[in-house]
Amino acid sequence: MNDLQPIVQLPADGSALLIAGPCSAETEEQVLATARPLARGGVRIFRAGLWKPRTKPGGFEGVGAAGLPWLARVRRETGMLVATEVATPDHVAAALDAGIDMLWLGARTATDPFAVQELADALRGRDVPVLVKNPLSPDLELWLGALERLHDAGLRRLGAIHRGFGSLDRGTYRNAPLWSVPIELRRRLPQLPLLCDPSHIGGRRSLVEPIGRRAMELGFDGLVIEAHCSPDEAWSDRAQQLTPEQVLRLAAGLAPRRGDATAEQLEALRREIDRCDDRLVGILARRMEVARAIGRWKRSHAMPVLQARRYDELLTRRAAQAEEAGMSADFMRELMRVIHGESVRQQLEECGEGTTADGKR
Ligand code: PEP
Ligand code: MN
């Protein structure tokens with residue numbers, strides 16, 4: 001995917017690319033009352049969900065195609081580009097017929113390769129920017145797969161939206177951010193525009209700003225923020241929508257994309273990682289020295305190199321210690337297995353040294 005084209009021109013001043021608008025289009029008045037102040041404040045892309053995939057039946061499932069003329073009016077009256085979510089080929093046809101400028105695939109859709117393929121087929125040959133939200137689970141290959149299906153259908157103006165992941169332990173978030181996943185996506189596809197949706201990660205108004213700031217510090221290209229003219233009365237995602245004024249204030253306070261401060265912070269963090277790794281290698285070298293000394297002792301006392309009980313205790317103790325320190329027990333067991341394997345190899349080598357044919361020194 002090294003032939004991607006920009007979804008839109010990124011702001012030349014390095015400011016964040018901002019997409020804002022309501023979770024759902026509800027009425028023509030609500031859509032326009034939200035769009036106008038955003039446009040006046042310089043937001044260039046307006047989002048609104050028309051077809052809303054709801055976890056449970058009975059919720060507000062969107063106004064559907066009835067809202068398309070409202071978005072066309074936003075476009076005409078404010079000059080903003082308009083974007084909406086598509087989940088079926090019918091949505092794609094209706095949105096493109098109505099002149100919608102940008103489409104996105106929601107998290108639930110991105111989770112289903114059959115649905116993504118149907119959308120890719122419906123979009124084949126059309127030059128429209130498409131943003132793909134991450135799937136519900138932290139599965140980078142599935143996210144990449146959705147982007148590849150669209151790319152294989154000839155789409156080149158692609159982007160990704162990080163909206164967090166469902167998990168049993170969400171902590172303070174509605175959807176756990178697991179930043180390492182979008183960071184790995186950026187490493188794999190550095191030219192792919194990467195946006196963050198802090199509204200769906202946070203799920204609460206007060207979290208939108210800090211999460212958005214964090215994303216920009218991590219080098220994201222922009223943000224997708226839910227905005228509503230009257231958030232407390234929103235028909236969906238009420239707790240997380242901001243007023244247009246709050247969105248503009250948030251945007252004004254963001255650091256520029258890839259600003260010097262960010263680059264310096266990153267450099268400092270990388271130096272710190274290098275220092276940690278230097279110490280790690282030094283400590284491992286010392287551990288191997290000790291292991292070889294133990295090997296010599298075992299040999300002179302005719303003890304076997306591998307003592308299963310000691311090895312088992314070591315794994316259990318370090319796994320528990322790792323969990324206390326915020327690492328996974330599985331990770332630590334795996335790491336100790338690898339380290340122990342090298343120790344055993346070195347001990348065997350040490351025992352082999354100076355060994356005569358009859359096994360005596
Ligand atoms: C949305 O953007 O309103 C939405 C439904 O988001 P997600 O697909 O991320 O849940
Ligand atoms: Mn929403």
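Trainee: How does aspartate 277 count at its relative accessibility?

Mentor: Aspartate 277 counts as partly exposed, at 39% relative accessibility. Buried means under 20% relative accessible area, exposed means over 50%, and partly exposed is in between, with a 1.4 Å probe and protein chains only. Mind that this is a predicted model, where local features need pLDDT of at least 70, side-chain atom pairs count only at pLDDT 80 or more, and totals for chains, interfaces and linings use all residues. Residues are numbered from 1 along each chain as its sequence is written, chains are lettered from A and ligands numbered from 1 in the order written, and side-chain values use heavy atoms, without hydrogens and water.

Trainee: Which element is aspartate 277 in?

Mentor: Helix α11 holds aspartate 277. Helices (H or I, at least four residues) and strands (E, at least two) are DSSP runs, numbered from the N terminus. From aspartate 277 to phenylalanine 60 it is 52 Å, C-alpha to C-alpha, and 217 residues in sequence.

Trainee: Now strand β6. How many of its residues are buried?

Mentor: 5 of the 5, residues 158-162, so β6 is largely enclosed by the rest of the structure. Leu158, Ala160 and His162 point one way, while Gly159 and Ile161 point the other way.

Trainee: Which strands pair with β6?

Mentor: Strand β5 (residues 130-133) runs parallel to β6, joined by 4 bridges. Strand β7 (residues 194-196) is also parallel to β6, over 3 bridges. Two strands pair if DSSP finds at least two bridges between them.

Trainee: Change of topic. What are the protein donors of the manganese ion?

Mentor: For ligand 2 they are Cys23 (SG), His200 (NE2), Glu226 (OE) and Asp237 (OD), at 2.1 to 2.4 Å. Donors are N, O and S atoms within 2.8 Å of the metal (3.2 Å for Na, K and Ca), and the site may look incomplete because water is not among the atoms. Along the chain the spacing is C-x176-H-x25-E-x10-D.

Trainee: Where do glutamate 226 and aspartate 237 lie?

Mentor: Glutamate 226 is in strand β8 (residues 222-226) and aspartate 237 is in the loop between β8 and α10 (244-252), so the pair ties together parts that are 11 residues apart in sequence. Glutamate 226 is buried at 0%, and aspartate 237 is buried at 16%.

Trainee: Which residues line the largest cavity?

Mentor: Among them are Lys133 and Ile161. Strand β4 (102-105) gives the most, with 3 residues.

Trainee: And how much space lies in the largest pocket?

Mentor: About 860 Å³. Of its 28 lining residues, Arg287, Leu314, Arg318, Met336 and Ile339 are the closest to the centre. Helix α13 (329-352) gives the most to the lining, with 9 residues.

Methods: 1 Å grid on protein atoms, 1.4 Å probe; cavity = no way out; pocket = protein on both sides within 12 Å on 5 of 7 lines; lining within 4 Å. Points joined across faces, edges and corners; volume = space filled by probe spheres on them.
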